[in-house]
Amino acid sequence: MPMKDALDCGDVLQLLSAYVDGELSPELCRAIEAHMAVCHDCFVVLDSMNKTLVLYHRLEPPEMPEDVELRLFQVLNLDDFLT
Ligand SMILES: [Zn+2]
């Protein structure tokens, strides 16, 4: 790995919030991803940040399995017919 692309854990953690916000240059993103590939600690930090972000941005309930959803609609339609 060329030295200019090598980040240490401190660099990665400092850049991480900008990275998940998509504010970094493609070069820096690649350098961070290269570090993640070899550094489990930083990968875990990124992973938990991503989960937190997903929770922030997606407040909808988790998706229902398709067949459950289908049965629910069928039940609702039936109820409409009955009333
Ligand atoms: Zn690291």
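**Exercise 1. At what angle do α1 and α2 pack, and how far apart are their axes?**

Before starting, keep in mind that this is a predicted model.

*Solution.* 
- Step 1: Two packed helices are described by the angle between their axes and the distance between the axes.
- Step 2: Here α1 and α2 pack at an angle of about 125°, and their axes are 11 Å apart.
- Step 3: Angles over 145 degrees count as roughly antiparallel and 65 to 115 as roughly perpendicular, with oblique for the rest once those under 35 are set aside as roughly parallel. That is why α1 and α2 are called oblique to each other.
- Step 4: For the handedness, look at the crossing of α1 and α2, which is left-handed.

**Exercise 2. Find which residues of α1 meet which residues of α2, and sort them by class.**

*Solution.* 
- Step 1: On the α1 side, pick out V12, L15 and Y19.
- Step 2: Their partners in α2 are L28, C29, I32 and H35.
- Step 3: Sorted by class, this contact holds 6 nonpolar residues and 1 polar residue, with no charged ones.

**Exercise 3. Describe the whole chain.**

*Solution.* 
- Step 1: Count the elements: 4 helices and 0 strands, in the order α-α-α-α along the sequence.
- Step 2: Of the 83 residues in the chain, 8% are buried.
- Step 3: Among contacts with a separation of 6 or more, 60% join residues 24 or more positions apart.

Definitions and conventions
Residues are numbered from 1 along each chain as its sequence is written. This is a predicted model: local features need pLDDT of at least 70, side-chain atom pairs count only at pLDDT 80 or more; totals for chains, interfaces and linings use all residues. Axes are lines fitted to C-alpha atoms, for helices over the stretch in contact, and angles run from 0 to 180 degrees between N-to-C directions. Helices (H or I, at least four residues) and strands (E, at least two) are DSSP runs, numbered from the N terminus. A crossing is left-handed if the near helix is turned anticlockwise from the far one by less than a right angle, and right-handed if clockwise. Two residues are in contact if their C-beta atoms, placed from the backbone, lie within 7 Å. Ala, Val, Leu, Ile, Met, Phe, Trp, Tyr, Cys and Pro count as nonpolar, Asp, Glu, Lys and Arg as charged, and the others, Gly among them, as polar. A residue is buried if 20 or more other C-beta atoms lie within 10 Å of its own, exposed if 12 or fewer, and partly exposed in between; C-beta atoms are placed from the backbone.
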